[in-house]
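Colleague: I am new to this structure and would like to know what stands behind the words used for it. Could you take me through them?

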Amino acid sequence: MKESNWMEETMSQAFVFRKDGFTGAEQELLINETLFHNANGYFGVRGNFEERYPADRPTVRGQYVNGFYNFSDMKQPEKHYGFPEQKQTMVNTFDTQTMVLTLEGERVDLFTGKVLEFCRILDMKKGTTVRRFVWESPEGRRAEICITRMASFEILPLFTIEYQITPLNFSGNAVMESVHSGDVSNYFNPKDSRVAGEKIVHLRVADLENTEEGFTLLRSETLRSGLEIASAVTHRVYSEDKELGCREDLRTESRIGDKDIVEKLAFPVKEGKAVTVVKYTVTCDSIRYEKVKEDARRLLRESVARPLSHWYQCQEAYLAKFWENAKIEIKGDEELNLSLHYNLYQLLQSVGKDKYCNIGAKGLSGEGYEGHYFWDTEMYIVPFFSLTQPEVARNLLSYRHHILDRARANARVMGYPKGALYPWRTINGDECSGYYPSGSAQYHINGDISYAVVQYYLITGDWDFIVEKGAEILMETARMWHDLGNFYEGSFQLHDLTGPDEYSCVVNNNYYTNLTAKHNMAWAAKVYRMMKERGQLKDLEDKIGIEETEIEGFEEAAEKMLLLYDEKLDINPQDDSFLSKKEWDFSQKGPGNGPIMQWNHLYRLYRYQVCKQADTVLAHMIFEDAQKLSTMKNSFEYYEKRTTHDSSLSRCIFGIVASKLGMKEKAYDYFDFSSKLDILDSQHNTKDGIHTANMGGTYMGIVYGFLGLRVKETGYFFMPSIPKQWESYELRLKLQGSLLEIKVTKEGCSFRLVEGNPVAIVVYGKEYQVEFELKLSLEEW
């Protein structure tokens, strides 16, 4: 798909993403597997063709469960104490996608015969994907095929494929071969550090069976992590809305192999009449279910007890509620409006719905970064859910509390007798980062998580979460900072750490890290004193032994934290050494169009003033009161010239700060790029999965950028602006449980209370109370 005409191939509706035309090109197939995947936060299925591709076409054929993993070795060429020697990997669980259709002896295959029409559709209000095509066989038979998929939000383990066949110029016999297979493997590429580097077998099929109910059951076990997973599958066949007969009447053959079951369903087809095969799959894993096979069977029985139309209605109802709270609309820019909805829908598809999982860097759309969770969640994704679906944000932060014991263990390995240090990348809570300079050394993840806890509390007012889980996170992470840091010449300093910029590693006093640590310790002390005042501290004191002297230490360290400042340039240096390094020659080009780390030794990059992504600029975005506006502006301009944006997390942050600084065109250009990053494959790796953090960053680009929202202890602050390319934009936010609808036009802005109690806000420095509707003209800004 060419970048210049993607919108011409996309329907104009804000909730329908569509691509027309079929070429069979390798890159197109791989990208569309990602873009049209189905997921619901519990499991994800890549958008592969049911009938598979020819052997010479690459594919990543995957079905994944969030938080379900196996261990694999991480080979350390030089063994040192504490270096991880095994990692968790999100497992490709099984294949229930495959459905091979034969019409009068001819196999339906888009790479033979002729494709007369073709389109793929994602409907973000219905929660389904559709692949529709008209195919002419080598012998001239024509058929219209329409395949609808759904990952249910109502019954999270449920995945359905509705496969409709309409012969256009013939009648005859059809055979559907439907596969239920445990013979699967994960994708690997030894040339790309962002995916697994070698082929590893993660699962063994433990048992297969057919049941008297007409279900097929498959149970597999991970080879090393001790987890189980089961899938249950069944079919229904209908003709012109009337069921042809029960499954037993239609099945002509059922073959049980060592690792799979293949069922053949035979039925007549008539010219102009539609026949539909519905395939139901239910998945249960042992993290959440005690008896995986029995639970899968039970949930499949519940699923087929109601018609598929019922589950479609439930899906629409769920999404109607989601979009009611997450309403966002741009008028005057259809491309951005659609891409924005696409991004938010993918966040909903990707986000974990329980404490056992989180949201991976690629969601559940592919195997990039092996399904690991990073700081991306807290800094780029939690804001969206805190402001629209706070119960989901609570789950995400509850996951961090769920793995807190492992974070404590990680801190002991790293040399801290108290406190917790969260792993840089993980699934079950253990560190999975094999390259410590740009992995384990990124201690700022502690500050990121604590920042997200505080922001969630300030947005929602959920004090119960703080008492039950948040306070423990804050105090244990603060303990690590206090032990790590050192008082020197009157300031508290943090040495030998890596900030967000992964092209500058193991440095002293990284500005971003020091600020997040300061915030972390200050809020740990603040929450301690609030709980003490309310008589809610005893349980926490008994559990972790926190004492007043420790709190006083947090307060002193936070107060005296070293925050670098260069008077001559009026900027915040990224770290102690950054300004003294050589300038990078940005005119040099490498092979291909990937990040510069793919053609430069990392140590070479560490010696230059070159940034992979926003670092100090990110600090200015989340802690805008920590420096003067002039310092923010000068820093922005300084680092913008030295940043490659090789990370997908970068441009959205530059856009937000550009908006704050009144650089409207820059802000719009950064936002435009970020919003279409996956749709246009701008980072050239969408085949490995979507970029969930950038998708969250796109939302932040509107709310924190153009709307200018800042959530502070003192209130909710807005500085609305609007790009010249737009007529208006409007959205909804939940603040302290109240739902606000905000609209910004070129003439002014309005804040309307949709539900809940009145909300106090500050707009361009002036205080207001939103009780019904507040309208402000441009002059009042």
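Predicted model: local features only at pLDDT ≥ 70, side-chain atom pairs only at ≥ 80, totals over all residues.

Colleague: Thanks! Why is Ser 438 called buried?

Modeller: Buried means under 20% relative accessible area, exposed over 50%, and partly exposed in between, with a 1.4 Å probe and protein chains only. Ser 438 has 16% relative accessibility, so it counts as buried. You will find Ser 438 in the loop between helix H8 (404-413) and helix H9 (444-460).

Colleague: How far is Ser 438 from Tyr 699 in sequence and in space?

Modeller: They are 261 residues apart in sequence, and their C-alpha atoms are 27 Å apart in space.

Colleague: What makes strand E20 largely enclosed?

Modeller: Eleven of the eleven residues of E20 (residues 275-285) are buried, so the rest of the structure largely encloses this strand. Both faces are covered, with Val 275 and Lys 279 among the buried residues on one side and Tyr 280 and Cys 284 among those on the other.

Colleague: How do you know which strands pair with E20?

Modeller: Two strands pair if DSSP finds at least two bridges between them. Strands themselves are DSSP runs of E with at least two residues, helices are runs of H or I with at least four, and both are numbered from the N terminus. Eight bridges join strand E12 (residues 158-167) to E20 in the antiparallel sense, and there Glu 162 has Val 278 as its bridge partner. Strand E16 (residues 228-239) and E20 are also antiparallel, over eleven bridges, with Val 237 opposite Val 277.

Colleague: Why are E2 and E4 said to stand at the edges?

Modeller: Their sheet is open, with three antiparallel strands in the order E2-E3-E4. Strand E2 (38-39) and strand E4 (63-65) each have a single partner strand, so one side of each is left without a neighbour in the sheet. Strand E3 (residues 43-45) is joined to E4 by three bridges, and Phe 43 stands opposite Val 65.

Colleague: What is the expected span of helix H6, and how does the helix compare with it?

Modeller: The expected span is 1.5 Å times one less than the number of residues. H6 (residues 376-388) has 13 residues and reaches 18 Å from its first C-alpha to its last, close to the expected 18 Å.

Colleague: Where does H6 bend?

Modeller: The bend at a residue is the angle between axes fitted to the seven residues ending there and the seven starting there. In H6 that angle is about 50° at Val 382, and Pro 383 follows within four residues. Burial comes up here too: 13 of the 13 residues of H6 are buried, so the rest of the structure largely encloses this helix.

Colleague: Last one: why is H18 called roughly antiparallel to H19?

Modeller: Helix H18 (residues 664-675) and helix H19 (residues 692-706) pack at an angle of about 155°, with their axes 9 Å apart. That angle makes H18 roughly antiparallel to H19. Angles under 35 degrees count as roughly parallel, over 145 as roughly antiparallel, 65 to 115 as roughly perpendicular and the rest as oblique.

How values were computed: Residues numbered from 1 in each chain as written. Heavy atoms only, no water. Axes fitted to C-alpha atoms, helices over the stretch in contact; angles between N-to-C directions.
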